[in-house]
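Take a moment to look over the sequence and the 3D structure before reading on. The paragraphs below go from the whole chain to single side chains.

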Amino acid sequence: MEHMHEGHEGHTGHTGRAGHEGHHHGPEHEHHAPGHGPGGPVTWGMAARATLHCLTGCAIGEVLGMIIGTALGWGNVPTMILAIVLAFFFGYALTLRGILAVGVDLRTAVRVALAADTLSIAVMELIDNGVIALWPGAMDAHLSDPLFWIVLAIALAAAFVITTPVNKWMIGRGKGHAVVHRYHH
């Protein structure tokens, strides 16, 4: 599918990349492409993909933090703090990986990752850890307990459902994962 923009004759949009049709790069295209800029139409699918990206990093960090904290015999609070720190780390790391892969320098990539993921990960961690902290018995469940995995799955699902509208709102204003899209080719 080839897409031409009014006022940009001869310049085609991306083909074969879902969600990137009409996405332009370079200084000659200062406007925001549809779906990527302030006020542009942002689909729920775009928001869900951005949220799923953050959720993946958060889930890796959460589980790894719980495993490390449990293995070291830590209490609930230090284990939860470690899990949150690792959730941010892996959330940012996944974004950095994608941005660095297209040749962006490390300093710019770090700024982009911070801008793209901080609010999303923060909301996700607040919901995720809030569910776990408030669920009776969940904080004391061990990795071998089915309760641990059931509550974690419910907490991550709740975080996904609540964070998706936040990401939709941010992308629609040119923030969050809209910043990352500017670097994808």
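What follows is a short walk through this predicted model.

Begin with the overall fold. The protein has 5 helices and 0 strands, and its pattern along the sequence reads α-α-α-α-α. How far apart in sequence are the residues that touch? Counting contacts in the protein between residues at least 6 apart in sequence, 62% join residues at least 24 apart. Of the 185 residues, 42% are buried.

Now turn to the region around helix H1 and helix H2. Helix H1 covers residues 44–71 and helix H2 covers residues 76–101, with Leu72 in the loop between them. Is Leu72 buried or exposed? Its relative accessible area is 52%, and the cut-off for exposed is over 50%, so Leu72 counts as exposed. Leu72 also belongs to a nonpolar surface patch of about 340 Å², which it makes together with Leu64, Ile68 and Trp74.

Thr79 lies in helix H2.

The aromatic rings come next. How many aromatic pairs does the structure hold? There are 3. One of them joins Phe89 and Phe90: the ring centres are 5.1 Å apart and the planes stand at 85 degrees, so the pair is edge-to-face. The reasoning rests on a cut-off, since planes over 60 degrees apart count as edge-to-face. Phe90 is partly exposed, with a relative accessible area of 21%.

Phe148 and Trp149 also form an edge-to-face pair, with 4.8 Å from centre to centre and 90 degrees between the planes. Phe148 has a relative accessible area of 9% and is buried, whereas Trp149, at 40%, is partly exposed.

The charged end of Lys168 sits over the ring of Trp44, at 5.0 Å from the ring centre.

Notes
Residues are numbered from 1 along each chain as its sequence is written. This is a predicted model: local features need pLDDT of at least 70, side-chain atom pairs count only at pLDDT 80 or more; totals for chains, interfaces and linings use all residues. Side-chain values use heavy atoms; hydrogens and water are left out. Patches are made of residues with over 30% relative accessible area and no salt bridge: like charges are joined within 9 Å, nonpolar side chains (Val, Leu, Ile, Met, Phe, Trp, Tyr) within 5 Å. Accessible areas come from the Shrake-Rupley method with a 1.4 Å probe; for residues, only the protein chains shown count as cover. A salt bridge is a side-chain nitrogen of Lys or Arg within 4 Å of a carboxyl oxygen of Asp or Glu. Helices (H or I, at least four residues) and strands (E, at least two) are DSSP runs, numbered from the N terminus. Buried means under 20% relative accessible area, exposed over 50%, partly exposed in between (1.4 Å probe, protein chains only). Rings of Phe, Tyr and Trp (its six-membered ring) pair if their centres lie within 6.5 Å; planes under 30 degrees apart count as stacked, over 60 as edge-to-face and the rest as tilted. A charge sits over a ring if NZ of Lys or CZ of Arg is within 6 Å of the ring centre and within 35 degrees of the ring normal. Contact means heavy atoms within 4.5 Å.
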